[in-house]
Amino acid sequence: MNQIELNNIIFTYSIEAKKVRSIRLKLVSPTSFSISCPKFTPELIIKKFIISNADWITKHSSKIPKPKNILDLKSLTILDRQYQLLCLKTQKDSVLIFESEQKIYANISIFSESHAKKILEKKLRIMALKLIKGELRHLSNMFSFKYNRVTVRNQSSRYGSCSSRGNLNFNWQIIFFPTEKFRHILLHELTHLEIKNHSKTFWNQLSLYDPNCKQNNLWLKNEGTKHFIV
Ligand SMILES: [Zn+2]
């Protein structure tokens with residue numbers, strides 16, 4: 001890890017040489033970022049690049065939420081439904097979700113933050129796919145959309161995508177958003193089935209399905225990732 005001081009804040013950063021044409025910077029946390037650069041880029045050039053972007057880095061990194069500590073979390077809100085979260089040290093790993101009692105038990109064999117996250121994510125991803133598929137079916141019945149395959153992934157920077165073949169992909173952590181925002185993301189990708197770009201026509205069409213389109217989109221830009229847990 002490298003260190004650099006920018007506007008009186010000390011940042012750590014990693015460098016990865018990749019098949020890219022120019023230097024790229026990705027914010028990771030309020031005090032760290034990663035750099036990807038073409039192979040054999042001199043360190044001095046990388047430093048110059050970072051310094052020339054110092055204001056942008058300090059401005060935007062402050063908005064990045066601190067990673068949540070799963071072992072300290074007392075509850076999880078999934079589509080407006082609050083579940084009590086209980087992490088227990090046990091022999092075997094398992095996650096039990098009790099719908100009617102609104103409780104989630106994370107039984108973990110190794111009581112560490114990274115292990116708890118891994119075990120919980122595995123189970124909640126399955127739950128997310130079910131919830132997403134259910135809501136997509138509901139929306140398709142209402143507005144007659146025709147999509148292909150549905151998958152979930154963990155991408156920190158994107159909420160969803162729609163391929164040219166009509167396959168839909170979503171960030172599984174959108175289940176931690178209020179239902180209205182969750183639905184907006186699904187409708188956004190469903191609208192892409194017909195209109196691939198983000199033209200005015202696209203937004204007008206999306207507004208027909210989601211009258212609160214503008215506010216929801218703004219909320220997702222500013223608040224969305226704060227609700228992610230991993
Ligand atoms: Zn889009």
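Of the 47 residues in the largest nonpolar core, which touch the most other members? Leu120 and Leu124 do, and the views below start from the whole chain and come back to them. This is a predicted model, in which local features need pLDDT of at least 70, side-chain atom pairs count only at pLDDT 80 or more, and totals for chains, interfaces and linings use all residues. Residues are numbered from 1 along each chain as its sequence is written, and side-chain values use heavy atoms, with hydrogens and water left out.

**View 1. The whole chain, in two domains.** Domain 1 covers 2-61 and domain 2 covers 70-227, with bounds that come from an automatic or database domain assignment. Their C-alpha centres sit 30 Å apart. The C-alpha trace spans about 55 × 55 × 30 Å along its principal axes. Count 6 helices and 11 strands here; these are DSSP runs numbered from the N terminus, with helices being H or I of at least four residues and strands E of at least two. Of the 230 residues, 40% count as buried (buried is under 20% relative accessible area, exposed over 50%, partly exposed in between, with a 1.4 Å probe and protein chains only).

**View 2. Strand β4 and its partners β2 and β3.** Strand β4 (residues 32-38) has 6 of its 7 residues buried, so it is largely enclosed by the rest of the structure. On one pairing, β2 (residues 9-18) runs parallel to β4 through 7 bridges, and Tyr13 stands opposite Phe33. On the other, β3 (residues 24-29) runs antiparallel to β4 with 5 bridges, and Lys26 faces Ser34. Strands count as paired if DSSP finds at least two bridges between them. A hairpin of 2 residues takes the chain from β3 to β4.

**View 3. The largest nonpolar core, seen around Leu124.** A nonpolar core here is a set of buried Ala, Val, Leu, Ile, Met, Phe, Trp, Tyr and Cys residues joined through side-chain atoms within 4.5 Å. Leu120 and Leu124 touch the most other members of this 47-residue core. Helix α3 (residues 113-143) gives the core its largest share, 9 residues. Skipping residues up to four places away in sequence, Leu124 touches Leu76, Ile78, Ile97, Ile104, Trp172, Ile175, Phe176 and Ile229 (contact means heavy atoms within 4.5 Å). There's also a second, separate core of 13 residues, with Ile4, Ile23, Cys37 and Ile46 among them.

**View 4. Val95 in strand β7.** Val95 lies in the strand formed by residues 94-98 and counts as buried because its relative accessibility is 8%. Leaving aside neighbours within four places in sequence, Val95 is in contact with Ile104, Tyr105, Ala106, Ile119, Leu120 and Lys123.

**View 5. Thr179 in helix α4.** Helix α4 takes in residues 179-192. Thr179 counts as buried because its relative accessibility is 18%. Its side chain makes a 2.8 Å polar contact with that of Asp80 (a pair of N or O atoms within 3.5 Å; within protein, one must be able to donate a hydrogen and the other to accept it, and residues adjacent in sequence count only if both atoms are side-chain atoms). Residues up to four places away aside, Thr179 touches Leu79 as well as Asp80.

View 6. His192 counts as buried because its relative accessibility is 7%.
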